[in-house]
Amino acid sequence: MLLFGIVASTLVALGITGYCLSSGVFVVCSHLFYIPIVLAAYRYPERGVGIAVALAAAYLAEVLLLSPGGGAEITDALVRAGVFLLVAAVVSHLAGRLHLREGRYRGIFETSGAGIFLFSPDGGKVEEMNRQCAAMLGYPDGEVPDLPAFWPGYPGNPAPVTNQDCEFIRRDGKSCPVLLSTSLLPDREMACAVVTGMTEQKRMENLLRRSEETFRVILNTVDVGIILTDPGRQIIEVNEAMVRLCGGAAREDLIGRDPETLFAERDLAMIRACRERVLHGEVLAPVECTPCRLDGSEWPAEVSVTLLAKDGDAPND
């Protein structure tokens, strides 16, 4: 389209200039050449000055052939031709910088690992969407749906958000959990949204949740008291059997306590020695000791200590 404008404006400028020069008009006609010069310098920055040289030469040729005047008109034509070249050089320089910056942003837009789309905050019309976002939503490259098609919960002219959990709808109707950030562009007429797919993360979270639920069922099914402690010697988890054995009413009665408070004073040296040996990689047989209930009463038991690798070395009593 821009190329057609350059060609058409060049032909118009040459035609009207020829007619005006043959009619004795020398001033207004030359201004018509600024239109193809500016368009060409913007569209082809690296060739803008060369195109301006060709147009200036064509203008000078028309002046020499059709102007009935003398040297004054030729001098004025040379000055105007110099202005043509100056305008072309300035526009080419500015257009080159603009195209370079646009190319950088286009590269970021298209090669970003996250999905990006630009939309109108008021109407919800998506103006542009990168390939990553289209693929995430199951749309072919080049097809740009409007916001309601994939974001049914769009609030309409929303405030900027950062890393917000959101549910998008894929082209096939399936749910697509994403992490969404939006912000208004400087002109405040367009907003930019950056989305990161969370499908795999949600799947892993569900697997972890089911694994924890399974672990919890197994932990509370066995009739053996189990205590999990962290390296800081603090109880982080117990099963229901251990709560009953210690005379507690709920897990919270034991979680957060120092596990040594659950053993008789005379057995602490042995428990500490077992713990240190296990932390250094030894595998020990169960030992007999005397745990204490929360009310201070004692009961005989057999205790084993095992090292578990979970967020650090957590000994399991």
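Colleague: Which residues do the ring pairs link into a cluster?
Modeller: The cluster joined by ring pairs consists of F117, F119, F150, W151 and F168. Rings of Phe, Tyr and Trp (its six-membered ring) pair if their centres lie within 6.5 Å, and planes under 30 degrees apart count as stacked, over 60 as edge-to-face and the rest as tilted. Before we go on, this is a predicted model, where local features need pLDDT of at least 70 and side-chain atom pairs count only at pLDDT 80 or more, while totals for chains, interfaces and linings use all residues. Residues are numbered from 1 along each chain as its sequence is written, and side-chain values use heavy atoms, leaving out hydrogens and water.

Colleague: How many aromatic pairs does that rule give?
Modeller: The count comes to eight aromatic pairs. In one of them, F117 and F119 are tilted, at 5.5 Å centre to centre with 45° between the planes.

Colleague: And are F117 and F119 buried or exposed?
Modeller: Both F117 and F119 are buried, where buried means under 20% relative accessible area, exposed over 50% and partly exposed in between, with a 1.4 Å probe and protein chains only.

Colleague: Which residues have the most contacts inside the largest nonpolar core?
Modeller: Those are F117, F150 and F168, in a core of 21 residues. A nonpolar core here is a set of buried Ala, Val, Leu, Ile, Met, Phe, Trp, Tyr and Cys residues joined through side-chain atoms within 4.5 Å.

Colleague: What does F150 touch, leaving aside its neighbours within four places in sequence?
Modeller: F150 is in contact (heavy atoms within 4.5 Å) with F117, V126, M129, L137, P145, E167, F168 and I169. There is also a second, separate core of 15 residues, with L21, A77, A81 and F84 among them.

Colleague: Switching topic, which residues of helix 9 are buried?
Modeller: The buried ones are L268, I271, C274, R275 and V278. They lie on the same side of helix 9 because they cover an arc of only 125° around the axis, the arc being that of the directions from the helix axis to the C-beta atoms. Helices (H or I, at least four residues) and strands (E, at least two) are DSSP runs, numbered from the N terminus.

Colleague: What comes just after helix 9?
Modeller: There G281 takes a positive phi of about 100°.

Colleague: Where is G247?
Modeller: G247 sits in the loop between helix 8 (240–245) and helix 9, and G247 is exposed, with a relative accessible area of 53%. Although G247 and R293 are 46 residues apart in sequence, they are 5.7 Å apart in space, C-alpha to C-alpha.
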